[in-house]
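Welcome! Please look through the sequence and the 3D view below, then try each exercise before reading its solution.

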Amino acid sequence: MQVTLQTLVGGLTLGAIYALVALGFSLVYRTMGLVNFAHGQVAMIGAFTMSTFYMTAKLPFVLAIGIAVVVTAVLGLVIERVLRPLEGKDFDLMLIGTIGFGVMLEALAVVVWGATGRAVPSPLHTAPLSVAGLKIQTYSLLVLVVALVTTAMLVGFLHRTRVGAAMQAVAMDPEAATSVGIHVGRSNAIAFAIGAGLAALAGGLAGPMLYVNATLGSTIGIKGFAAAILGGFGNITGAIVGGLGIGVLDAFAAGRFGGYSDLVVFLLFAVLIMVRPTGIFGERTVNRA
Amino acid sequence: MVTSRHWFVALATGSLLAAATACAAPGSDSGSSSSSGPIKIAVVDAQSGQLSSLGAWELKGAKLAVQQVNAKGGIDGRKVKLSVFDDQGDPTTGTSIARKIVSGGYTAMIGTAESAVTQAMNPILKSAKIPSITSGQATAITELGSPYQFLNGPTSATYDNTLEEYLTKTKSFKTFAMITNNGGYGVGEHDAFTAALKASGIEPVVNDVVTPDQKDFSAVLTKIRSKKPDVLFIGTEEVEAGLIAKQARQLGLTAVFAGSAPLSTPVYVQTAGADVADGTLVSTPYLSNDATEASKAFAAAYQKAFGETAELHGAKSYDGTSIFLAALKQTKGKGGLAMADAVRAEKYDGLLGSFDFDDKGVGIHQTVIGVISGGKLGPAS
């Protein structure tokens, strides 16, 4: 029983990180119909940027993450601007373009921060909470709360603000949105910037739990992507459920199947997607090719 | 539709042409190294991907050895030229690099840091008679039966036998738990340490395998905690070992951590946190930069050249490269079997100890036990 509960706690903690990654994937997808394959690498750049400001410049952790979010949001704008000429013309090239950006960002990180990477010390120094023999890290609780609050804020933004509503309109029908005076390019740019900022938030929060190096992006990127699909690609609430789901699934598979856990997780994932291709929350499939 | 078919035809023609040229290449620019101009040596290591930190250290060690020889006038009046290939820690990439090394006329190869990649490249290098020296430590490498394959350090069996003896005899620890991963390195550690324990009649209370990419170890660590072992043996690469140690202490596990080379690195200490890493027992052929006069000189030169502190992997590749360069001096720059024989005949006093290569290509046959204290590795009592 104790093993089960402790595994659940471990799974939820990493799951919160996957959920934040999934949010960014989903936001860009629902707005543009595009899978941003550089998303994981953007998260990695965010983690490195955070580590520079937190460890080298000695700024407070929260401020360092804030700066990382802004820096990667700008990076998101740059990626969107480079890809914009292809919007509505060649979808495949856009997709390949994002893969290219991912490879480039990973190489760039090695040049700037080196191949060795760095361990980020935890900003919280409190002892783990002990509940009936269970050990719960205060930092894990923080990450979970941040993931939940961020989801709520994002849902609020999309449903209750003018810009958010415009983005929803673009997501549903870009041509109709254009005809009522909504700037599709700007809407896409905002989606990319927020998506990249969310990636930095995920990467920055993952820093003290994991280890920041150039391959961090592919590690959390692939799980985040799976989380977004599982929750229903493009669905914001689905992203957080999918993220926590993948995290917990991963943790239990690791305990039960050891070295075969990846195989089991993705096999189960494949079966779930076959049974329910639209994911748990079944968002309408966007196709803008 | 027509356009895409045109594309396909063009692509197919292109790849056929490429294949034809590739087949023609060996005739025009093939194999054996020339006897004038610089001596070409290839460094093959991961410069990108998960294992790139290892690759970066190795490259620095090799570079330093070559710089020092070139500064003294090279070998037989010829300069040594080092070329870097990025194997990404991937065996498939390794085999294509092996072919490039053969067709590029390289005399010898330094690398790789990954046992699996070394094993994949071995047959191609063997048939081309190109000597190579790896930092891999899997026992499987010694069983490849190639006279051109050398190891710049001890095998997993040597590391783990020394460690097991120290833990059971000197420290009188009774119960052991093991975590290893199912990558090339981890499998070697799993087999070597399990065998060493078995020889003493000990069965580990938990012997679990994880994946190299795993980040959360709650399940296995909670299970281990309930068994209360004296020692937790960790057989994974640096970062993963650090994460396991950190999470183990967070979950209230009190066992002593033990393992080989990866646990002696600063990456392990930083990932786990210095307070968690303290007390970790490590089997290593290279205790510290201050151990001998030679290691002091090496560490100073390393610091000067790269602006960072030297560690085991740089020292290993520095030793391996130096041995190869010394052998090339004997053969006056000639590669092939003459060079391989010269390496075997070489009695080299290196940073890791006295090299004396056996017919399996292993030059170092012992390790020492170190302990991490105050975040630094020192000799264990």
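**Exercise 1. Work out how exposed Lys296(B) and its salt-bridge partner are, and where the two sit.**

Step 1. Lys296(B) has a relative accessible area of 40%, so it is partly exposed (buried is under 20% relative accessible area, exposed over 50%, and partly exposed in between, with a 1.4 Å probe and protein chains only).

Step 2. The partner is Glu293(B), with 3.7 Å from N to O. A salt bridge here is a side-chain nitrogen of Lys or Arg within 4 Å of a carboxyl oxygen of Asp or Glu.

Step 3. Glu293(B) is exposed, at a relative accessible area of 62%.

Step 4. Helix α12 of chain B holds both residues, 3 residues apart, or about one turn of the helix. An α-helix has 3.6 residues a turn, so residues three or four places apart point the same way. Helices (H or I, at least four residues) and strands (E, at least two) are DSSP runs, numbered from the N terminus.

A word on the model: it is predicted, so local features need pLDDT of at least 70 and side-chain atom pairs count only at pLDDT 80 or more, while totals for chains, interfaces and linings use all residues. Residues are numbered from 1 along each chain as its sequence is written, chains are lettered from A and ligands numbered from 1 in the order in which they are written, and side-chain values use heavy atoms, leaving out hydrogens and water.

**Exercise 2. Find which parts of chain B the salt bridge of Lys60(B) and Glu308(B) links.**

Step 1. The closest N and O atoms of Lys60(B) and Glu308(B) are 2.7 Å apart.

Step 2. Lys60(B) belongs to helix α2, and Glu308(B) to the loop between α12 (293-306) and α13; these distant parts of the chain put the pair 248 residues apart.

Step 3. Lys60(B) counts as buried at 18% relative accessibility, and Glu308(B) as partly exposed at 25%.

Step 4. Over all chains the count comes to 7 salt bridges. Another one joins Asp356(B) and Lys347(B), with 3.3 Å between the closest N and O atoms.

**Exercise 3. Check the length of helix α13 of chain B.**

Step 1. The helix covers residues 312-330, 19 residues in number. The expected span is 1.5 Å times one less than the number of residues.

Step 2. That gives 27 Å, and the end C-alpha atoms are 27 Å apart, so the two agree.

Step 3. Of the 19 residues in α13(B), 16 are buried, leaving the helix mostly covered. Just after α13(B) comes Lys332(B), with a positive phi of about 55°.

**Exercise 4. Describe how chain B meets chain A.**

Step 1. Count the contacts (heavy atoms within 4.5 Å): 29 residues of chain B touch 28 residues of chain A.

Step 2. The two chains bury about 2300 Å² between them, with 59% of that on carbon and sulfur atoms. Buried area is the accessible area (1.4 Å probe) that two parts lose on being put together, summed over both.

Step 3. On the side of chain B that touches chain A, the elements giving two or more residues are α2 (52-71), β7 (206-210), α8 (218-227), α9 (238-250) and α10 (266-272). The most comes from α8(B), with 5 residues.
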